[in-house]
Amino acid sequence: MKLIFLGPPGAGKGTQAAGVSAHLGVPHISTGDMFRSAIQNQTPTGLEAKRYIDAGELVPDSVTIAMVKERLSMDDCKPGYLLDGFPRTVEQAIALDDISAPDAVVDIDVPDERLMGRLTGRRICGKCQGTFHISKLDDEKVCPVCGGELYQRNDDKPETIDTRLKAYHEQTEPLIGYYKGLGKLRTVNGDGQLEDVFKAILATLE
Ligand code: AP5
Ligand code: MG
Ligand code: ZN
């Protein structure tokens with residue numbers, strides 16, 4: 001199955017993609033994770049993307065589309081893919097239709113007023129890459145799954161979050177209409193318990 005997770009920053013795309021990709025047997029491809037790893041490894045793509053990501057703006061389409069095209073050509077994408085954070089502009093969606101069109105698009109819907117708290121309280125494990133929220137952690141620095149050290153993303157500062165939300169509304173939200181027009185959109189309420197959102201996603205795919 002070829003699947004897209006759409007939704008604003010903090011909607012829970014990464015959190016839900018971990019379980020859903022395992023369930024479907026397709027790779028979880030997060031362009032945000034790919035950029036962060038490229039930045040860490042100081043590749044040309046990473047060097048180009050860093051200033052946009054740090055500012056909360058979208059990386060130019062040409063860079064992002066080339067990176068995704070290469071990733072989707074790899075062998076593990078033969079059974080399909082779960083794209084998280086791509087496409088994020090209409091131009092990216094048109095390019096994806098050309099590379100390998102999705103079967104379905106799940107829009108994880110969460111009201112804006114919930115997102116700031118989710119993002120400022122997010123912590124990520126440097127060892128297992130798990131995503132957590134401080135409201136559910138006994139120790140804000142230690143991963144409850146593997147004991148690794150937790151860190152905060154550079155772009156999870158309130159000012160940068162504001163810019164990311166603006167970019168979402170202006171550049172990414174039009175994709176809801178784009179995929180509705182193609183009959184591929186499935187909207188799921190993302191403002192609930194983790195397990196309930198997970199079940200709602202699987203139900204909408206049946
Ligand atoms: P990216 O990494 O994709 O960031 P994002 O879209 O801003 O989304 P997030 O990862 O912040 O949110 P999420 O929906 O994954 O939420 P999560 O599951 O972590 O992109 C980063 C940057 O890279 C972009 O700003 C841009 O610069 C660049 N980029 C990436 N893709 C691009 C593209 N295609 N084109 C151009 N540029 C691109 O959850 C968040 C928090 O909420 C966690 O703490 C979690 O524990 C908590 N949470 C999750 N679900 C629930 C729930 N149901 N109830 C309560 N809390 C919950
Ligand atoms: Mg994410
Ligand atoms: Zn961990």
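Modeller: Let's start with helix α2 (residues 31-40) and helix α4 (residues 61-72): their axes come within 11 Å and cross at roughly 100 degrees. An axis here is a line fitted to C-alpha atoms, for helices over the stretch in contact, and angles run from 0 to 180 degrees between N-to-C directions. Helices are DSSP runs of H or I with at least four residues, strands are E runs of at least two, and both are numbered from the N terminus. That makes α2 and α4 roughly perpendicular (65 to 115 degrees; under 35 is roughly parallel, over 145 roughly antiparallel, the rest oblique).

As for who touches whom, α2 brings T31, M34 and F35, and α4 answers with V63, T64, M67, V68 and R71; contact means heavy atoms within 4.5 Å. Sorted by class, that is five nonpolar, two polar and one charged. Nonpolar covers Ala, Val, Leu, Ile, Met, Phe, Trp, Tyr, Cys and Pro, charged covers Asp, Glu, Lys and Arg, and the others, Gly among them, are polar.

Before going on, a word on the ground rules. This is a predicted model, where local features need pLDDT of at least 70, side-chain atom pairs count only at pLDDT 80 or more, and totals for chains, interfaces and linings use all residues. Residues are numbered from 1 along each chain as its sequence is written, chains are lettered from A and ligands numbered from 1 in the order in which they are written, and side-chain values use heavy atoms, with hydrogens and water left out.

Now for another pair: helix α5 (residues 90-100) and helix α8 (residues 174-181) have axes that come within 9 Å and cross at roughly 35 degrees. From α5 come V90, A93, I94, L96 and D97, and from α8 P174, L175, Y178 and Y179. Here the count is eight nonpolar, no polar and one charged.

At 62% relative accessibility, K127 is exposed (over 50%; buried is under 20%, partly exposed in between, with a 1.4 Å probe and protein chains only). Beyond its neighbours within four places in sequence, K127 touches C146 and G148. The C-alpha atoms of K127 and C146 are 7.6 Å apart, although 19 residues separate them along the chain.

Stepping back, the protein chain has nine helices and eight strands, and 45% of its 206 residues are buried. Its C-alpha trace spans about 45 × 40 × 35 Å along the principal axes.
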